[in-house]
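Subject: Structure handover

Hi,

Here is the structure I promised to pass on to you. Could you have it open while you read the notes below?

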Amino acid sequence: GVGFGHSKTVVDYHPEIAGSGVGRALEPRTFDGRKLGRERFGRVRRPVPEFALFRGTLMVRRPEVNQLLTIFDGSVRGMAVALRLGVRWAADRLLRYPRGTRLAMGNALVANLYHQLLTRSGNVWFTARTTELVVDDTGRVVGAVVSHRGRTVRVAARRGVVLAAGGFSASPELRAQHLPTPTPQFTRAGEGSTGDSITLARGVGGALGEGC
């Protein structure tokens, strides 16, 4: 399965609630991208530059960033971390991987979910776009209409439909509608986080909660 661990290095967005400062945030455990194979590994998008070295080819976790910075103070532990990461990265590049296969944070989560799906013989449609949710006479969502490779496909769901398309960070309109002023003009979220899943959910009776 997909493993998570508590992280004290991630900011707590609600420090006023009991439990802050004890590692309430969850962070995916690192994932070995070699499990996907070279071609499928190439499907995983590169991380943001702030958490990757050598032109985005070597990922580092938040705690590792702090440890690597201690190298300038002569820290043996920092040097050991740099050596461990560097050896793994060099081996990956010698094996002709486009970047290091030790993935962390969001990259690790997506790659592991991809791997878990493949091990269960799941199908992945790239460049597909869901345009509508199908609802039966009782109001239950029973499928979706998907645009894929120039065709419109109606996909039936036996157990349910999961919307996992991210939030609306990349939508200027939704940011202006739901975020406090002054509204941020830029985001580090993926360009695909335009609120499409929210639009689909609203189309079948869904609504945003107070936490949005």
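Predicted model: local features only at pLDDT ≥ 70, side-chain atom pairs only at ≥ 80, totals over all residues.

Threonine 127 is exposed, with a relative accessible area of 73%; for accessibility, buried means under 20% relative accessible area, exposed over 50% and partly exposed in between, with a 1.4 Å probe and protein chains only. Threonine 127 belongs to the loop between helix H4 (105-119) and strand E7 (129-135), where helices (H or I, at least four residues) and strands (E, at least two) are DSSP runs numbered from the N terminus.

Residues are numbered from 1 along each chain as its sequence is written, and side-chain values use heavy atoms, with hydrogens and water left out.

Back to the backbone. Most residues other than glycine have a negative phi, and most peptide bonds are trans. Arginine 149 also has a positive phi, about 55°, without being a glycine. Arginine 149 sits in the loop between strand E8 (141-148) and strand E9 (151-156), and with a relative accessible area of 73% it is exposed. As for the peptide bonds, a cis bond joins threonine 181 and proline 182, with omega at about -5°. Proline 182 is found in the loop between helix H5 (172-178) and H6.

Next, the aromatic rings. A pair of aromatic rings is described by the distance of the centres and the angle of the planes. The rule used here is that rings of Phe, Tyr and Trp (its six-membered ring) pair if their centres lie within 6.5 Å; planes under 30 degrees apart count as stacked, over 60 as edge-to-face and the rest as tilted. By this rule the count comes to three aromatic pairs. One of them is edge-to-face: phenylalanine 41 and tyrosine 97, at 5.7 Å centre to centre and with 85° between the planes. This pair links distant parts of the chain, with phenylalanine 41 in helix H1 (residues 38-41) and tyrosine 97, 56 residues apart from it, in the loop between helix H3 (76-94) and strand E6 (102-103). Both phenylalanine 41 and tyrosine 97 are buried.

Another pair is made by phenylalanine 54 and tryptophan 89: their ring centres are 4.7 Å apart and their planes are at 45°, so the pair is tilted. Here too distant parts of the chain are linked, since phenylalanine 54 is in the loop between strand E4 (52-53) and strand E5 (58-59) and tryptophan 89 is in helix H3, 35 residues apart. Phenylalanine 54 counts as partly exposed at 48% relative accessibility, and tryptophan 89 is partly exposed as well, at 22%.

Which charged ends sit over rings? Arginine 38 has its charged end over the ring of tyrosine 97, 4.8 Å from the ring centre, and arginine 43 has its charged end over the ring of phenylalanine 126, 3.8 Å from the centre. The rule is that NZ of Lys or CZ of Arg lies within 6 Å of the ring centre and within 35 degrees of the ring normal.

Finally, the chain as a whole. The secondary structure comes to six helices and nine strands, and the C-alpha atoms fill a box of roughly 70 × 45 × 30 Å along the principal axes. Of the 212 residues in the protein chain, 28% are buried. Residues 24 or more positions apart account for 48% of the contacts (heavy atoms within 4.5 Å) with a separation of 6 or more. The protein chain exposes about 14500 Å², with carbon and sulfur atoms supplying 55% of it; accessible areas come from the Shrake-Rupley method with a 1.4 Å probe, and for residues only the protein chains shown count as cover.

One more residue to look at is glycine 203, which is in helix H6 (residues 196-203) and counts as exposed at 62% relative accessibility.

Best wishes
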